[in-house]
There are 2 protein chains.
Amino acid sequence: MSLESVPPKYAQLVQALQRRIEAGTYPPGSLLPSEHQLIKEFSVSRPTVVAALRVLREQGWIDSQQGKGRFVRGRPAMASMESNRPGQAYLTDPETDTPGELVEAGAVTPSNRVASLLEMPPKGRAFLRRRLVAGDGEPTELVSLWLPLELSEGTDLTSGEPLREGVREHLTSRKGVRFDHIVEQITARMPTAQEAKQLGMPKNVPLLAVFGAVRDASGHPLAVVEVLLPADRHELEDAYPIA
Amino acid sequence: MSLESVPPKYAQLVQALQRRIEAGTYPPGSLLPSEHQLIKEFSVSRPTVVAALRVLREQGWIDSQQGKGRFVRGRPAMASMESNRPGQAYLTDPETDTPGELVEAGAVTPSNRVASLLEMPPKGRAFLRRRLVAGDGEPTELVSLWLPLELSEGTDLTSGEPLREGVREHLTSRKGVRFDHIVEQITARMPTAQEAKQLGMPKNVPLLAVFGAVRDASGHPLAVVEVLLPADRHELEDAYPIA
DNA sequence: ACCCGACAGGTTGTTTTACCAAGTTTGAGC
DNA sequence: GCTCAAACTTGGTAAAACAACCTGTCGGGT
């Protein structure tokens, strides 16, 4: 009983072509062999070849143009670029992984913006956990997490101790909620006196404020994360393909 | 000579099934009709049905399980949220589509940041095209495009006239370059006196500055787009799934 | 000599028919 | 009640045909 099952033919073809592109046999910009040539070389049928080429196109390795052929684009550039979304790290990594200091944990009346992102009434109350994250011994980020009160009950978020697991993992196991996607808003503003003091930054330097509204698959808001970054020391970087 | 070409059958099937899922005919969690049932109902062949269902699965509408069937997951949460990347619109849409005013077009010595993103020597020269984009009769964005000099030669970008096609299309047809992806940096700073004047904004409001380095498939830089937004009037919004 | 259209041959895109393999459920027969 | 075969499901492969599109070549005309 051989446990290793052979992959489908079209998947084997995908791998073979990827290897040739990476090895330079098919350099970027060149024309790939036509379907008919691939059929002959690999002794497979046309649907198999087309299935393999469709995968390669959807993954960004090649481009196809009706009437002309298929062009090599090279290894998809986005493969190794992991999105470095601020706030996402806070949701997945334990607080004990990054040095920092808990500055607030308790029920508050959130700002209108946060209340709106949580889809709660303007003067209602929510749970806030705020943490000053340090890097190289200096404070660098002020991270705030707002939750509906009922989501915070029975969790370790209300304690003053650093979390030993990520917020996402904690809420999933304790409350059974499923994070699905984040709606992110980025804006800039001048810091308040308190924020400037906490972050150890000049008062005339703007702040980058990133709001992340965490939602479940149906779009219902679960939490809001705000990350405040002094603009003179940090910036956001991201990479994405052009359609 | 009917200009409206009919979409392929499998695409029609995709739309029909999407409408039924949205209408609740196929509620989330339920079992979709089997391939055979869909073949009979829509009078198409099995590969056509399979192609449509493959698209739906890749887009996250349904789940499939060999031997059991296909389950409805519901409208994918990210479907309607199109990434609203600033700068991307400038690259794809004709300048004549948006009201605005060309404020600069010529060779300059770019800032260190732009030179670095273009991977050119610090004191070299590049072509700059800068446009003040208006909305509701007020200036709202200052969009700048830097190109290596050799990429600007022989294009309509050097003229003072508004472009009648997108920058990407223009450069692709004239110079044969292929845009592949963008590396984006977001930062905030105070406006210069000239920027504040051009944008009609107070001098004490910060600017959101978005740098987009356009690259080809091999990572070679092709152009840099900078979008300046007054932070009191605009912010960036985006949505993305959590892995 | 030059230009332009028709045409042939190549390419990918879409659809159909057919068959086999593999996983799941059901029910008939023991 | 248990076993196992039949009937369902989706996954994969093969062979064929037509359509749409691009690019040359070969004309004929100017």
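A:Glu58 is partly exposed in this predicted model, with a relative accessible area of 44%; buried denotes under 20% relative accessible area, exposed over 50%, and partly exposed the range in between (1.4 Å probe, protein chains only). A:Glu58 forms a salt bridge with B:Arg54, and the closest N and O atoms are 3.9 Å apart. A salt bridge is here a side-chain nitrogen of Lys or Arg within 4 Å of a carboxyl oxygen of Asp or Glu. The pair joins two chains, because A:Glu58 lies in helix H3 (residues 46-58) of chain A and B:Arg54 in helix H3 (residues 46-58) of chain B. Helices (H or I, at least four residues) and strands (E, at least two) are DSSP runs, numbered from the N terminus.

The model is predicted, with local features requiring pLDDT of at least 70 and side-chain atom pairs counted only at pLDDT 80 or more, whereas totals for chains, interfaces and linings use all residues. Residues are numbered from 1 along each chain as its sequence is written, chains are lettered from A and ligands numbered from 1 in the order in which they are written, and side-chain values use heavy atoms, with hydrogens and water left out.

Over all chains, the count of salt bridges comes to 26. Within chain A, A:Asp63 is paired in this way with A:Arg73, the closest N and O atoms being 3.9 Å apart. A:Asp63 belongs to strand S1 (residues 62-65) and A:Arg73 to the loop between strand S2 (69-72) and helix H4 (88-92), so the pair ties together parts of chain A that are 10 residues apart in sequence. A:Asp63 is partly exposed at 24% relative accessibility, and A:Arg73 is partly exposed at 22%.

In chain B, a salt bridge connects B:Glu104 and B:Arg130, with the closest N and O atoms 3.7 Å apart. This pair links distant parts of the chain, 26 residues apart: B:Glu104 is in strand S3 (residues 100-108) and B:Arg130 in strand S4 (residues 126-135). B:Glu104 counts as partly exposed at 33% relative accessibility, whereas B:Arg130 counts as buried at 18%. Salt bridges with shared partners also join A:Arg54, A:Glu58, B:Arg54 and B:Glu58 into one network.

B:Phe42 is located in helix H2 (residues 35-42) of chain B and is partly exposed at 25% relative accessibility. Neighbours within four places in sequence aside, B:Phe42 is in contact (heavy atoms within 4.5 Å) with B:Leu13, B:Ala16 and B:Arg20. The C-alpha atoms of B:Phe42 and B:Lys9, 33 residues apart along the chain, are separated by 9.6 Å.
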